[in-house]
Amino acid sequence: MAGLVNSRPNILILMADQLTAAALPAYGNLVARTPHLDRLAREGVVFDAAYCNSPLCAPSRAVLMTGRLPSSTGAYDNAVEFPSQSPTFAHYLRAAGYRTILAGKMHFCGPDQLHGFEERLTTDIYPADFGWTPDWTRPDERLDWFHNMDSVTLAGRCVRTNQMDFDEEVGFAARQKIYDIARDSDDRPFCMVVSMTHPHDPFTMADPYWSRYADAEIDMPRVSPDVSADDPHAARLRHVCGQDLQPVTDENIRAARHAYYAAIAYFDDHVGALLGALGEAGLADDTVVAVLADHGEMLGERGLWFKMSFHEGAARIPLIVHAPRRFSARRVAAPVSLVDILPTLAAIGGCAGKPDDATDHDGRSLLPYCEGQDDAGGVFGEYCAEGVAAPMVMIRRGVLKFIHCPGDPDQLYDLSIDPDELSNIAARTPEDARVLAMQAEVAARWDLGRLHADVLASQKRRRLVNRALAQGRQTAWDFQPLRDASQLYIRNHMKLDDLEAMARFPRIIPAG
């Protein structure tokens, strides 16, 4: 089918938080129930080997927005801004004539809470300051904002959570905006990001979602914690997450996974409601819908939880592109990543990849894959936050994945025969030509000593700024959505007949 470069369709990006690809039926899971995501996958282009480039919320979202790796933007962790002068896909599309709209979480830190979005419909669920800055100079210290195992040991059914409050506000605001777009006179195409916080931990969910699964249906982790016994990064993650400070039972593990599947069903229902609004508004046929996540979730595999590693559970994400009038349904084997989203959206919007000669990005457009191409692909990853004391990098090309962190043993896996990453080729046969080639590529691509120094300097600056801003009068950076009540619903400066005719959808044209 023909590509999208010149068609300028609407774009709806549906983003989940901490959703690992392996938890979805579209990627082979036999437990989860996700009828709306299943339909998008059945009719769309499914990327079987999509990855985040930095397995933590804020740095991964900065990659998504800028198409650039953390070493390029300085967005290393969950408390660092990327510069406002960094063009994002919202800037690209807005410059090309799109309305750019954000509803929900994007974890922007610092005073720029828009980064190119023309409208932001809700605040964020996470703080915008520098309070969550890691400190690599004190690797043994557990900071009070680190993950802990309460998310697992207290897992279970609930009535309400702040995450549900947030996602329901996000879902309502996004659906309302879709209806507003259908009724207003602005004929620009739109790009809307709807970013939910589920199924991110803590692992708890209300009915009816919890009750959609019986305990006996919930699968348990396949890979034993023993696999990570000699992995120093796994040991650091256990320390960071406080895993050895409280016992975790099989009952806890099953309850946490039960809640995770229930939260996925909750996200899927939000997807269905948004797709329903799109259809009711008459916008579905000319809207490209993309489903993705910022990173995955280990869910107890290898004895690990949450993210912060380049193992498949934490780093592999869903990526589905649904545009059946433009692309035939297919699956793509090539490894791709979030760094590729910006050039893809720019190509869809007719931006020819970048708006000017002064701007660059680290990704490539995925449109050729949507149109039938497949190859060995290529993904580069960087992790520079808590749980490491030096930059960790990853290369995924073809069936091979290589993980390198100074001071740690290298890891190389052939995922075609070892999808659970049980057999480390680099440890078994360090002289293997594939290991040597990957090591040479890491040395050629990254100056890890320089990156290490840059991360330490950034952390030091931000800790100073955060201490200073905590003194005296504090001015928050958190986004404050403003609504002008004088322009809402019915007001006396508006012509009532015109207002009601405009507000009704579909619009009724009087006879004669």
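Strands β16 (residues 400–404) and β17 pair up antiparallel through four bridges; pairing here takes at least two bridges found by DSSP between two strands. Helices (H or I, at least four residues) and strands (E, at least two) are simply DSSP runs, numbered from the N terminus. Across from Gln-411 in β17 sits Ile-403. The two strands make a hairpin with six residues between them, and Gly-407 in the turn has a positive phi of about 95 degrees.

This is a predicted model, where local features need pLDDT of at least 70, side-chain atom pairs count only at pLDDT 80 or more, and totals for chains, interfaces and linings use all residues. Residues are numbered from 1 along each chain as its sequence is written, and side-chain values use heavy atoms, with hydrogens and water left out.

In a regular strand, side chains alternate between the two faces of the sheet. Strand β17 (residues 411–414) is covered on both: Gln-411 and Tyr-413 are buried on one side, Leu-412 and Asp-414 on the other. Buried means under 20% relative accessible area (1.4 Å probe, protein chains only), with exposed over 50% and partly exposed in between.

Elsewhere, eight strands line up as an open, mixed sheet in the order β5-β4-β7-β1-β9-β11-β2-β12. Its edges are β5 (119–120) and β12 (330–332), each with a single partner strand, so one side of each lacks a neighbour in the sheet. Strands β4 (residues 99–104) and β7 (residues 190–195) run parallel, joined by six bridges, and Leu-102 has Val-193 in β7 as its bridge partner. Helix α6 (residues 162–183) packs on this sheet and touches β4, β5 and β7, contact being heavy atoms within 4.5 Å. The direction of α6 makes about 165 degrees with that of β7; axes are lines fitted to C-alpha atoms, for helices over the stretch in contact, with angles from 0 to 180 degrees between N-to-C directions.
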